Amino acid sequence: MNFDSFVYLVENYWVFLTAAVLIGVATGWYARPSNH
Amino acid sequence: MISLPHIIEIALLLLVAFLIGCVIGFTLRNYIFPPKGENRDSAHPVSPDAVIPEDQETSEVIVSPKSDEGRPTPLGAPREGRKDNLKLIKGIGPKIENTLNEMGIYHFDQIAAWDRKTIDWVDEYLSFKGRIDREEWVQQAKHLTAGKDG
């Protein structure tokens, strides 16, 4: 996977990548049990 | 038609993005809402109202309470060399009975005589999180003492 193909993927699939990051943030956020 | 290597690349990229998100989310939450009570039980958080099956004996963690105020008066040895079967109290199993014996508690009437401070002290000492109250050890001990006497 060279840099050009990486740029191509980011350009074309940035919506999915953003969604993946957001899902990851939510998962990481709730990974720690609540204190309440 | 999307080729297989292309799909794998996308999948890997999405996975990496997800993992980065996980790290960001976890770090962000720890930064914004630092975990409470890190020094104690953070690895096994248990709600004070958590229901513990009556017959299940959880492993007690002995911690040192801040003061000896409320510490139950220990007996050096069981009276007349015979200790009560503390396991008759629901919630007390062999392990907790041993711990109580080591604390100099051998008889129902000793537990029956516990006041609020003593209950709190033992609760903190054994990290029971309110279990003595929930399982009503003192009331049970009073009944058992009355039954033994009567």
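A salt bridge, as I use the term, is a side-chain nitrogen of Lys or Arg within 4 Å of a carboxyl oxygen of Asp or Glu. Between chain A and chain B the count is 0 salt bridges.

Some ground rules. This is a predicted model, in which local features need pLDDT of at least 70 and side-chain atom pairs count only at pLDDT 80 or more, while totals for chains, interfaces and linings use all residues. Residues are numbered from 1 along each chain as its sequence is written, chains are lettered from A and ligands numbered from 1 in the order in which they are written, and side-chain values use heavy atoms, with hydrogens and water left out.

Let me stay with the two chains. Contact means heavy atoms within 4.5 Å, and 24 residues from chain A and 22 residues from chain B take part in it. The size of an interface is often given as the accessible area lost when the parts come together. Here buried area is the accessible area (1.4 Å probe) that two parts lose on being put together, summed over both. For chain A and chain B that is about 2,000 Å², with 72% of it on carbon and sulfur atoms. On the chain A side, A:Leu9, A:Trp29 and A:Arg32 supply 34% of the area buried against chain B, more than any other three residues.

What about polar contacts between the chains? The count is 3 residue pairs, both residues at pLDDT 80 or more. A polar contact is a pair of N or O atoms within 3.5 Å; within protein, one must be able to donate a hydrogen and the other to accept it, and residues adjacent in sequence count only if both atoms are side-chain atoms. By class, the side of chain A that touches chain B has 16 nonpolar, 7 polar and 1 charged residues.

Helices are DSSP runs (H or I, at least four residues), numbered from the N terminus.

For exposure, buried means under 20% relative accessible area, exposed over 50%, and partly exposed in between (1.4 Å probe, protein chains only). B:Arg79 is partly exposed at 37%, and B:Asp109 is partly exposed at 26%.

Next, B:Glu97 and B:Lys87 meet in a salt bridge at 2.9 Å, N to O. B:Glu97 sits in helix H2 and B:Lys87 in the loop between H1 and H2, 10 residues apart. Is B:Glu97 buried or exposed? B:Glu97 is buried, at 7%, whereas B:Lys87 is partly exposed, at 38%.

A further pair is B:Asp120 with B:Arg116, again a salt bridge, at 2.9 Å. Both lie in helix H4 (residues 116-125) of chain B, 4 residues apart, about one turn of the helix. Salt bridges that share partners join B:Arg116, B:Asp120 and B:Asp133 into one network.

Now the aromatic rings. Rings of Phe, Tyr and Trp (its six-membered ring) pair if their centres lie within 6.5 Å; planes under 30 degrees apart count as stacked, over 60 as edge-to-face and the rest as tilted. The structure holds 5 such pairs over all chains. In one of them, A:Tyr13 and A:Phe16 have ring centres 6.2 Å apart and planes at 45 degrees, so the pair is tilted. Both lie in helix H1 (residues 3-29) of chain A, 3 residues apart. B:Phe128 and B:Trp137 form an edge-to-face pair, 5.5 Å centre to centre with 75 degrees between the planes. B:Phe128 is buried at 4%, and B:Trp137 is buried at 0%.

Last, the backbone. Most residues other than glycine have a negative phi. B:Glu80, in the loop between H1 and H2 of chain B, has a positive phi near 55 degrees.

Terms used. Helix = DSSP H or I, 4+ residues; strand = E, 2+ residues; numbered from the N terminus. Nonpolar A, V, L, I, M, F, W, Y, C, P; charged D, E, K, R; others polar.
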